[in-house]
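I set out to record what I looked up in this model.

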Amino acid sequence: CTFCQQSDEPLCLTPKLSGYTVDGSFQQYCVASAKHVAHIPEGVPLDEVAPILCAGITVYKGLKESHARPGQSVAIVGAGGGLGSLAQQYAKAMGLKVIAIDSGEEKKAMSEKMGADAFIDFAKSSDIVKDVKAATKDGLGPHAVILVAVNEKPFQQAAEYVRPRGTVIVIGLPAGAHIRAPVFESVLKMVRIQASYVGN
């Protein structure tokens, strides 16, 4: 289809999704297109690889879609969760400055251990927009925001602290949530808000 031809397989109009539209996901063997199969070397523990093949590729794709470049900053909202912790690791490996946003000392310690350049505890912050901007070198805000949070509020705040010409990437799926951004400020700052589904 038109999406597959432009390397947007997640948007395929007639997808074959193992376990959803095609039976056999829990079998020893299944039929798959060679271009969608990766070789896992013998002896690699599957429980260590599995998160990379789902959550890992999802946040990696989001980081790529953000167009953030080495040396630039990215705020990861929900940094202490499963998606967020993988996003932090990929962002560091990509040479990005990481602003981890989450709550609690345990998540702060984990983020610092992973090399986050800053940690903002949203539960302790009296002004999250000000705090995120202050965590960037020039005070303009991060070049990109990766939203993997489990509640709606961060989806309302991100466009306010992303820098001019910055990108907000929506990945998390809080039930019933909506994305909102102040229209006037978003236009003046030329903010880009984009969803990112999954890697391919």
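**Entry 1: the second largest pocket**

The model is a predicted one, in which local features need pLDDT of at least 70 and side-chain atom pairs count only at pLDDT 80 or more, while totals for chains, interfaces and linings use all residues. Residues are numbered from 1 along each chain as its sequence is written, and side-chain values use heavy atoms, with hydrogens and water left out.

I noted the terms for a pocket: on a 1 Å grid over the protein atoms alone, it is an open set of points where a 1.4 Å probe fits, with protein on both sides within 12 Å along at least five of seven lines, and lining residues have an atom within 4 Å of a point. A volume is the space filled by probe spheres set on the points, which are joined across faces, edges and corners. For this pocket I read about 400 Å³.

Elements giving two or more residues to this lining are α3, β2 and α6; helices (H or I, at least four residues) and strands (E, at least two) are DSSP runs numbered from the N terminus. The most comes from α6, with four residues.

**Entry 2: helix α6**

I then asked how many of the nine residues of α6 (153-161) are buried. Seven are, where buried means under 20% relative accessible area (1.4 Å probe, protein chains only). They are Pro-154, Phe-155, Gln-156, Gln-157, Ala-158, Ala-159 and Tyr-161.

**Entry 3: the largest pocket**

I read a volume of about 2100 Å³ for the largest pocket. Its lining has 36 residues, with Lys-16, Leu-17, Ser-18, Ala-32 and His-36 the closest to the centre. Helix α2 (residues 46-66) supplies the largest share of this lining, five residues.

**Entry 4: the sheet**

I traced an open sheet of six strands, ordered β3-β2-β1-β4-β5-β6, with parallel pairing; two strands pair if DSSP finds at least two bridges between them. At the edges are β3 (118-121) and β6 (192-195), each pairing on one side only. Between β1 (residues 73-77) and β4 (residues 144-147) I found four bridges in the parallel sense, and Val-74 stands opposite Ala-144 in β4.

Helix α3 (residues 82-93) packs on the sheet and touches β1 and β2 (97-102), contact being heavy atoms within 4.5 Å. The direction of α3 makes about 170° with that of β1; axes are lines fitted to C-alpha atoms, for helices over the stretch in contact, and angles run from 0 to 180 degrees between N-to-C directions.

Technical notes: Buried means under 20% relative accessible area, exposed over 50%, partly exposed in between (1.4 Å probe, protein chains only).
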